[in-house]
Amino acid sequence: MNLEAWKSTHHNLLSAQPPAGYDPFEIFVPRCYRPQLPKFRHKLEYFPVWLLAGAIGALPRSMARTFCQGIGIFTYVVHRRLRKVGLRNLDLAFPEKTRKEKLHILRTLFKGLGRQLAEFALFPRYRKESVSEVAIYDGFQNFAEARARGKGVLFLTAHFGGWEIGSFVHSLHGNPMNIVVRPLDNPYVDAFVDRYRTLHGNRTFGKQDFARGLLTSMKRGEVVGILMDTNMTPPQGAFVDFFGVPACTATGVARVALHTGAAVLPAFTIWDKELGKYKIRFDPALQLTKTGDDEADAIANTALFTNVIESYARQYPEQWLWVHRRWKTRPSGEPALY
């Protein structure tokens, strides 16, 4: 058969279109197996996390800290994108500091993140009798007074110092709390982390249940910890100044506090280099603005909360999470900062 005859015979095959719903991927992986792929990938991701946590948790505490601080420094060296974000944030917050000073802040931050990783892996070994070697209270009376009001307590805190350690040690001392979290993308890793966080009575609920979870907890007179230093988008957030730069910030905490009368208590877990341990610091409950204009009051109090976080970040610049794109959302018409 010559070429022209072959083309004529196979014309329909050459010009035919794939049937509706055709997926070339199915040649390699049949449709019935595809739902298993994410699950398999998640298990592959989970295994090294489980292995690393177990290995760190088996080390003596001093060795675990040293090892994980090494991981933190290694991450600082190799993760160019995080360094770039951190430097950009520090340029916005501390324009007067030199590049050398900013890099020192970032190196110290990553070292601190490594230290917190070590402590997190050691959570199952913590005991009330010996946990003072890890963290001590500073201003516990402020918490006791806020709790005694009976209308619930909202911990105003941030990704600062040893935020995971503070909530865990607080629960170990018989003061369990509710923690607002963003569930991790990997469900196996998320369940693993959640199990460690809740070993001594803490409970977690996702950001998708933010409002309902807060209102329910306040009605019960409970304690909720909220990390209020993440970038938000309207309408969940409003723009208030953070280091003099408008930052879209969640207003839900202010709205719930105004609605329920809950105490808003600044609570930060600070690494004290001289002591070689963390301080769980509770400041006096904040006096909220209450003019009767709900929207204006929500924004004014959100600005107040943000000022508190800024004051801690200014006092301990090496302990705030500069590698988060805090100013990602911009007011309408403003250029991107990253």
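Start by selecting helices H5 and H7: H5 passes H7 in a right-handed crossing (right-handed if the near helix is turned clockwise from the far one by less than a right angle, left-handed if anticlockwise). Helices here are DSSP runs of H or I with at least four residues, strands are E runs of at least two, and both are numbered from the N terminus. This is a predicted model, where local features need pLDDT of at least 70 and side-chain atom pairs count only at pLDDT 80 or more, while totals for chains, interfaces and linings use all residues. Residues are numbered from 1 along each chain as its sequence is written, and side-chain values use heavy atoms, with hydrogens and water left out.

H5 covers residues 61–78, and its axis comes within 7 Å of the H7 axis, crossing at roughly 140°. Axes are lines fitted to C-alpha atoms over the stretch in contact, with angles from 0 to 180 degrees between N-to-C directions. H5 and H7 are therefore oblique to each other (under 35 degrees is roughly parallel, over 145 roughly antiparallel, 65 to 115 roughly perpendicular, and the rest oblique). Ala, Val, Leu, Ile, Met, Phe, Trp, Tyr, Cys and Pro count as nonpolar, Asp, Glu, Lys and Arg as charged, and the others, Gly among them, as polar.

Look for Leu82, Leu87 and Leu90 of H6, which are among the contact residues, along with Leu103, Leu106 and Phe110 of H7. The contact of H6 with H7 holds seven nonpolar, one polar and four charged residues.

Next, select Thr108, Gly112, Arg115, Trp271 and Glu318, which lie nearest the centre of the second largest pocket, out of 17 lining residues. A pocket is an open set of points on a 1 Å grid over the protein atoms alone, where a 1.4 Å probe fits, with protein on both sides within 12 Å along at least five of seven lines; lining residues have an atom within 4 Å of a point. H7 gives the most to this lining, with six residues. The lining divides into six nonpolar, six polar and five charged residues.

Last stop: H11 (residues 210–219) and H12 (residues 252–260) pack at about 30°, with axes 10 Å apart. That makes H11 roughly parallel to H12.

Definitions and conventions
Contact = heavy atoms within 4.5 Å.
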